Amino acid sequence: MASAEAATVTNKQIIFPDYVRGFPKESNFKLTTTTIDLQLPEGSTSVLVKNLYLSCDPYMRICMGKPEPLSSSLVPPYETGVPIVGLGVSKVIDSGHPDYKKGDLLWGLVGWEEYSVITLTLYSHFKIHHTDVPLSYYTGLLGMPGMTAYAGFYEVCSPKKGETVFVSAASGAVGQLVGQFAKLMGCYVVGSAGSKEKKKFGFNDAFNYKEEKDLSAALKRCFPEGIDIYFENVGGKMLDAVLINMKLHGRVAVCGMISQYNLEDPEGVHNLPTILYKRIQIQGFGVCDFYDKYPKFLDFVLPHIREGRITYVEDIAEGFESGPSCLLGLFEGKNVGNQLFVVARE
């Protein structure tokens, strides 16, 4: 039921003005202020929420490009002239939906604004039941990135104890978890990241790809007998180097290709024959195909968090206005861990 109290408040928003070519800039975002009623219309089945934490994720760059059929089949393009849409943690202010009441917490898709009216669809939002962990974790470890790492590693890669695992973008929201999941499986894990400061996630080894003149040689140094599993977050030259270092019947889970998102002409991959010669299995995946396993994921990961077997690094910025610079920082390698920003603490 809608609440009896009605009030009108200001609502800051970050608007997406127009589609982007090349690297996005601060000018590709517009900060504005409007107003919103804190009471839903009679008969509404929507949910009105106050946004607490908003997440910055690499896939959002795909949404900023002009609509095109291939990428739209996985992530829809943004609408222009309205707030950017991303993942966030929110508190229910008013609800016309039977599954939610005032005061409930949820995570899912919301606008980049202080308050959002959301329409619930299958797996678009999840109620938060476990509050003994930081709420911000639901933008990362317990949200989409965590579920992505879990599905990509366990469901797509089918890992076995003792296998060798390479993770690119290993300090990001997803990569840091894949490495830890692999360690829990008893695998040998190496990660690559963009600075020395990022090599602190408990992997067996790691390297700064910016300091390596020859990526293939770096991988050969870390995996003298080859790679069983590659968790792909980068694409381009890194993928090329990995292919010739894979073992026979190796598996590649393609989660993202952040090195390509800002290029008008994506880089080609030259070692494709290796896929045939080594019988490599390469599978792209989207987390949306695995959300039915979210309860199973929580049952798996929450005990590990509570017992200290899994840790999670967050890069948290304060203030609504910090959103654009946080998102842009992803593509410059500035973040260490899951990048998010605080809209409100309660």
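The following exercises, each with a worked solution, concern a predicted model of a single structure.

**Exercise 1. The annotated N-terminal region**

Determine which residues the annotation "domain: Oxidoreductase N-terminal" covers, and describe the secondary structure of that stretch.

Solution. Begin with the record: the unreviewed UniProt entry assigns this annotation to residues 12-118. Next, take the secondary structure over residues 12-118, where the chain is 8% helix and 43% strand. Finally, consider the ends of the stretch, whose C-alpha atoms are 16 Å apart.

**Exercise 2. The partners of strand 3**

For strand 3 (residues 47-55), state how many residues are buried, then work through its pairing with strand 5, strand 7 and strand 16.

Solution. 
1. Burial: 8 of the 9 residues of strand 3 are buried, so the strand is mostly covered, given that buried means under 20% relative accessible area.
2. Strand 5 (residues 85-95) runs antiparallel to strand 3, with 7 bridges between them. Within strand 5, valine 92 is the residue opposite valine 49.
3. Strand 7 (residues 115-118) is likewise antiparallel to strand 3, over 4 bridges. Here tyrosine 115 faces lysine 50.
4. Strand 16 (residues 338-342) pairs with strand 3 through 3 bridges, again in the antiparallel sense. Leucine 54 is set opposite phenylalanine 341 of strand 16.

As background to these steps, strands of a sheet pair through backbone hydrogen bonds, either parallel or antiparallel.

**Exercise 3. The buried side of helix 5**

Explain why the buried residues of helix 5 lie on the same side of the helix, and list the elements against which they pack.

Solution. First list the buried residues of helix 5 (residues 215-222): Leu215, Ser216, Ala218, Leu219 and Cys222. Around the axis they cover an arc of only 160 degrees, and therefore they share the same side of helix 5. These residues pack against strand 9 (164-167), strand 10 (188-193), strand 11 (205-208), strand 12 (227-232) and helix 6 (236-243). Lastly, turn to the N-terminal end of helix 5, which is capped by aspartate 214: one of its side-chain oxygens is 3.0 Å from the backbone nitrogen of serine 216.

**Exercise 4. A glutamine in helix 4**

Decide whether glutamine 180 is buried or exposed, and name the residues it touches.

Solution. Glutamine 180 belongs to helix 4 (residues 175-184). Its relative accessibility is 9%, so it counts as buried. Leaving aside residues up to four places away in sequence, glutamine 180 touches Phe201, Phe203, Arg309, Ile310 and Thr311.

**Exercise 5. Aromatic pairs**

Classify the pair of phenylalanine 126 and tyrosine 294 by geometry, and do likewise for tyrosine 150 and phenylalanine 300.

Solution. 
1. The model holds 26 aromatic pairs. In one of them, phenylalanine 126 and tyrosine 294 are 4.7 Å apart centre to centre with 50 degrees between the planes, a tilted arrangement.
2. Phenylalanine 126 is in strand 8 (residues 125-127) and tyrosine 294 in helix 8 (residues 294-306), so this pair ties together parts 168 residues apart in sequence.
3. Phenylalanine 126 counts as buried because its relative accessibility is 11%, and tyrosine 294 counts as buried at 5%.
4. For tyrosine 150 and phenylalanine 300, the ring centres are 5.5 Å apart and the planes stand at 45 degrees, so this pair is tilted. It links helix 3 (residues 144-156), which holds tyrosine 150, to helix 8, which holds phenylalanine 300, across 150 residues.
5. Tyrosine 150 is buried at 5% relative accessibility, whereas phenylalanine 300 is partly exposed at 22%.

**Exercise 6. Positive phi angles**

Locate histidine 249 and arginine 279, and state the phi of each.

Solution. Histidine 249, in strand 13 (residues 246-254), has a positive phi of about 60 degrees. Arginine 279 has a positive phi near 50 degrees and lies in the loop between helix 7 (273-277) and strand 14 (281-284). With 46% relative accessibility, arginine 279 counts as partly exposed.

Definitions and conventions. Residues numbered from 1 in each chain as written. Predicted model: local features only at pLDDT ≥ 70, side-chain atom pairs only at ≥ 80, totals over all residues. Heavy atoms only, no water. UniProt positions renumbered as here; feature names shortened; annotations may be inferred. Helix = DSSP H or I, 4+ residues; strand = E, 2+ residues; numbered from the N terminus. Buried < 20%, exposed > 50% of the residue type's maximum accessible area, 1.4 Å probe, protein only. Arc of directions from axis to C-beta. Contact = heavy atoms within 4.5 Å. Polar contact = N/O pair within 3.5 Å; in protein donor to acceptor, adjacent residues only side chain to side chain. Pairing = 2+ DSSP bridges. Phe/Tyr/Trp six-rings, centres within 6.5 Å; stacked < 30°, edge-to-face > 60°.
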